Each structure stands twice: as C-alpha cells, then as structure tokens.
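Colleague: I'm new to reading protein structures. Could you walk me through this one, feature by feature?

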Amino acid sequence: MTIREMQKVLDAKFLYGEELEDLDVEFVFSADMMSDVLAYGSKCSVLITGLCNPQVVRTAEMLDIVCIIFVRGKMPDENMLALAMGKGIAVLATDHYMFTTCGMLYEHGLRGGA
Amino acid sequence: MSGGLTFRYTIDGDDFTRAGEASSSVKNKLKMLGLSADVTRRVAIAMYEGEINMVIHADGGVITVAVSDSEITMVLADTGPGIPDVEKAMREGYSTAREEVRSLGFGAGMGLPNMKRYTDEMQIDTVVGKGTTITMKVRL
C-alpha cells in the first residue's frame, strides 16, 4: 500500500511529504509509548501514534520509519514538521481513533512487524 | 571504511525537546561512512535510549562514539544519581521515571533492556550518588 493510498483510506491530511506518496509500505507499528516503538517497531516503516511531541519524529528517524500517522486529530506543530522535513519522513494526520486507523489499514493488507 | 574515528557530544540535561540530536548526528555520520542500515539503526536506537535516559535521570552527560574497523563503541557517562539496583533496572517494564516523562512517551521501563537488545555488548558501571557510565559495543 502506498502512502497516498493510506491517506485516502484514512481521510487523512497530508501535512508533509507528498513527494513520498508513491512509497510502498507493508509493516506498521502503533503505540503512544515511544519506548515500545523502539523496542518492537524496528521492522516497520509506518508509525501510528496519538503522542504529539518532537521525540515522535526522533523515534521514527532512528528506526528508518518513512511515514508517521497522527491519530485522534492530533496536529504536530511547526517544529515537529520541520524536523520531519529534514529527515524526509512523510506526516499524515487523521481524526480517526487509533483502533479504527489500525483496523482500516489492516483491512487493506497492512500488517504488524512481529 | 575509515578506522579510528571518535565523536564526542555533550548532552544538555534540561531540554527534552532537543534530546536525540546527538544520536541523529551519529546516525548521519555512520550512514556517510557507508555502514549498513542494520548497524546504523542498532547504534542509533541504543544511543538514543541512552541519550533520553541521560536527560530524564541524570541532567545530561557526555557521549563518546568510537568507530574502528571492527566495532562501534559508545560510552555514555553522567554524574547523575546512579542506579541503586542494576538488575531491577534491566527488567523490562521497571521504571523510576516521573509521570511527566511518561506523558512524553518514555519511562516505560524499556530503555536499558532496549540498549542491551540492540547491541552486542553492554556494561553498566554505576555508583549511587556519583554517576553512571554505560559502555555499549556493536560489532561490524
């Protein structure tokens, strides 16, 4: 599934990285605890989270994650977006809750990394 | 591959938003040196957890990263409160972090276990009231 397809399925806003829209992704990790993302998300290229601070982008960077999806209407600030831009990480934001977001993407073939 | 490179970073203890800048810099440097994505990722994750720990628990510290032809050695030294019970601290889920830290997405008790998980060797030298030095190695 491409980042553009995820954006459409989730009715998400594309906050940064439309040039990355054709990137194909397969494995997704979702959590609000970044410690857990670092522990278990190393095979994943997409991060779904409701946490909204610069360490979300840093965590994604360390794991080579290519797309962050903020759920529950969370909106990253300019600093976070600038950080994502500097690292070439696409950023989406959706109003759906985390469970719904995961379910919708699972239905479209995406899987967890474990 | 160039041998014998050393990078040194002073970590600021009171700015959580900047935590991770040193790890990010190391990750970029290792990429530029042509190291594999796997090695680069493991070093970055282990160092990032250590860097976050320094900010959360020890009011900062100094990180030295040495790259040789055979391994990458990270030494994280702080003059913080020390770890009273290392065995407990190594247990997944055990954390002494403040609630405020948890609300920032850390303090789940995964930091030290993660550092061990992603490196080939890890040694903790700690003295309560004096500080902690953690040495981690990732073999190439």
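This is a predicted model: local features need pLDDT of at least 70, side-chain atom pairs count only at pLDDT 80 or more; totals for chains, interfaces and linings use all residues.

Colleague: Which strands does helix H4 of chain A lie across?

Modeller: Helix H4 (residues 78–87) of chain A lies across S1, S4 and S5 of chain A, and runs at about 70° to S1(A).

Colleague: In what order do the six strands of the open sheet in chain A come?

Modeller: To read a sheet, walk across it strand by strand. Here the order is S1-S5-S4-S3-S2-S6 in chain A, with mixed pairing. The edges are S1 (13–16) and S6 (111–112) of chain A, each pairing on one side only.

Colleague: In what sense do S1(A) and S5 of chain A pair, parallel or antiparallel?

Modeller: Antiparallel, over three bridges, with S5 of chain A spanning residues 90–93. To see one partner, find A:Tyr16: its bridge partner in S5(A) is A:Val91.

Colleague: Now the two chains. How many residues does each one bring to the contact?

Modeller: For an interface, look at who takes part and then at the area. Chain B brings 29 residues and chain A brings 20 residues. The area buried between them is about 1,900 Å², with 52% of it from carbon and sulfur atoms. On the chain B side, B:Lys27, B:Arg41 and B:Tyr48 lose the most area to chain A, together 25% of what that side buries.

Colleague: How many salt bridges are there between chain B and chain A?

Modeller: Two salt bridges. Between the side chains of B:Arg41 and A:Asp64 there is a salt bridge, at 3.0 Å from N to O. There are also 18 residue pairs in polar contact between chain B and chain A. Helices H1 (21–32), H2 (37–57) and H5 (111–118) of chain B each supply at least two residues of the side that touches chain A. The largest share, seven residues, comes from H2(B). That side of chain B divides into twelve nonpolar, nine polar and eight charged residues.

Colleague: And within a chain, what does B:Arg42 form a salt bridge with?

Modeller: With B:Asp120, the closest N and O atoms being 3.2 Å apart. B:Arg42 lies in helix H2 of chain B and B:Asp120 in the loop between H5 and strand S4 (121–127) of chain B, so this pair ties together parts 78 residues apart in sequence. Over all chains, the whole structure has 15 salt bridges.

Methods:
Residues are numbered from 1 along each chain as its sequence is written. Chains are lettered from A and ligands numbered from 1 in the order in which they are written. Side-chain values use heavy atoms; hydrogens and water are left out. Contact means heavy atoms within 4.5 Å. Buried area is the accessible area (1.4 Å probe) that two parts lose on being put together, summed over both. A salt bridge is a side-chain nitrogen of Lys or Arg within 4 Å of a carboxyl oxygen of Asp or Glu. A polar contact is a pair of N or O atoms within 3.5 Å; within protein, one must be able to donate a hydrogen and the other to accept it, and residues adjacent in sequence count only if both atoms are side-chain atoms. Helices (H or I, at least four residues) and strands (E, at least two) are DSSP runs, numbered from the N terminus. Ala, Val, Leu, Ile, Met, Phe, Trp, Tyr, Cys and Pro count as nonpolar, Asp, Glu, Lys and Arg as charged, and the others, Gly among them, as polar. Two strands pair if DSSP finds at least two bridges between them. Axes are lines fitted to C-alpha atoms, for helices over the stretch in contact, and angles run from 0 to 180 degrees between N-to-C directions.
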